[in-house]
Amino acid sequence: LGPQKKPLVFVICMSTVYIIIFICGVLGNISTCIVIIYNNCMHTTTNYYLFSLALSDVLSLMTGLPPELYSIIIEAYPWPFGQTICKLRTYIFETTTIASVLTILTFTFERWLHICKAIYAKKFSSGFSRALKIIIFIWVISGLIALPYSFTSGVYYEEPQYPESKTCNIYNEYKQVMTYVIQLSTIFLFIIPMTLISIMYVLIG
């Protein structure tokens with residue numbers, strides 16, 4: 001499993017970077033949400049998508065970084081936070097990642113539509129309610145896609161004879177199946193969206 005304790009220089013450097021990312025990320029994204037909520041002039045389709053992205057970033061940071069910091073500063077293993085936190089962390093992290101990708105893809109499509117197909121966009125667009133429905137749909141779909149990661153992950157012992165090998169990871173019996181799931185996710189939730197986004201921005205340019 002590698003060294004349980006990290007070298008002091010590594011701990012100081014990585015902890016500093018992680019803490020800066022955490023503070024700036026959480027404060028910046030929460031500020032974005034507050035500004036959008038409390039200013040009527042900010043209630044635009046574009047800002048609804050930005051609000052969704054900001055929310056996704058906050059959830060990712062709050063569920064992802066504290067356990068990472070613990071593993072760097074205190075010890076890399078065993079996993080100390082229990083089964084519920086393990087599954088919840090896995091589910092939220094996967095959901096927010098997928099939601100971010102789909103939100104950026106949808107946001108880019110909206111830009112392409114309004115810039116390259118402006119006449120059609122007027123017929124296609126139906127105000128802010130449509131954007132809200134799309135965002136809700138994205139989060140629901142993301143939550144459903146993330147379910148396999150939560151169901152197949154949990155706390156277990158990598159080596160049963162060693163109590164310190166307790167880890168939060170994909171169960172061994174599901175690792176082969178989840179390898180294919182991760183590969184499909186890479187294709188459909190990274191490569192294809194990235195390709196479509198790149199094409200649309202080239203067309204916009």
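Predicted model: local features only at pLDDT ≥ 70, side-chain atom pairs only at ≥ 80, totals over all residues.
Let me start with E75, which is found in the loop between α2 (45-73) and α3 (82-116), where helices (H or I, at least four residues) and strands (E, at least two) are DSSP runs numbered from the N terminus. Residues are numbered from 1 along each chain as its sequence is written, and side-chain values use heavy atoms, with hydrogens and water left out.

E75 is buried yet has no salt bridge, and the nearest side chain of opposite charge, K5, is 4.3 Å away. By buried I mean under 20% relative accessible area, with exposed being over 50% and partly exposed in between (1.4 Å probe, protein chains only). A salt bridge here is a side-chain nitrogen of Lys or Arg within 4 Å of a carboxyl oxygen of Asp or Glu. Not counting residues up to four places away in sequence, E75 touches Q4, K5 and Y70, where contact means heavy atoms within 4.5 Å. The loop between α2 and α3 also holds P78, and the peptide bond from Y77 to P78 is cis, with omega near 5°.

Now to the charged pairs. In general, side chains of opposite charge can pair when their charged atoms come close. By the rule I gave, the count comes to 2 salt bridges. One of them joins the side chains of R89 and E68 (3.3 Å, N to O); R89 lies in helix α3 and E68 in helix α2, so this pair ties together parts that are 21 residues apart in sequence. E68 counts as partly exposed because its relative accessibility is 32%.

The side chains of E110 and R130 also meet in a salt bridge (2.9 Å, N to O), and this pair links distant parts of the chain, with E110 in helix α3 and R130 in helix α5 (residues 128-151), 20 residues apart. What about burial in this pair? E110 is buried, with a relative accessible area of 6%, and R130 is buried as well, with a relative accessible area of 13%.

Staying with helix α5, S150 is found there, and S150 is buried, with a relative accessible area of 11%. Leaving aside neighbours within four places in sequence, S150 is in contact with K87, T90 and Y91.

Turning to the surface, L184, I187, F188, F190, I191, I192, M194 and L196 form a nonpolar patch with about 730 Å² of accessible area together. Patches are made of residues with over 30% relative accessible area and no salt bridge, like charges being joined within 9 Å and nonpolar side chains (Val, Leu, Ile, Met, Phe, Trp, Tyr) within 5 Å; the areas come from the Shrake-Rupley method with a 1.4 Å probe, and for residues only the protein chains shown count as cover. One member, I192, lies in helix α6 (residues 175-204) and counts as partly exposed, at 34% relative accessibility.

Finally, the whole chain. The chain has 6 helices and 2 strands, and from the N terminus on its elements run α-α-α-α-α-β-β-α. Its C-alpha atoms fill a box of roughly 65 × 35 × 30 Å, taken along the principal axes. Of the 205 residues, 35% count as buried, and the chain exposes about 12300 Å², of which carbon and sulfur atoms supply 73%.

Key
Lys, Arg positive; Asp, Glu negative; His and termini not counted.
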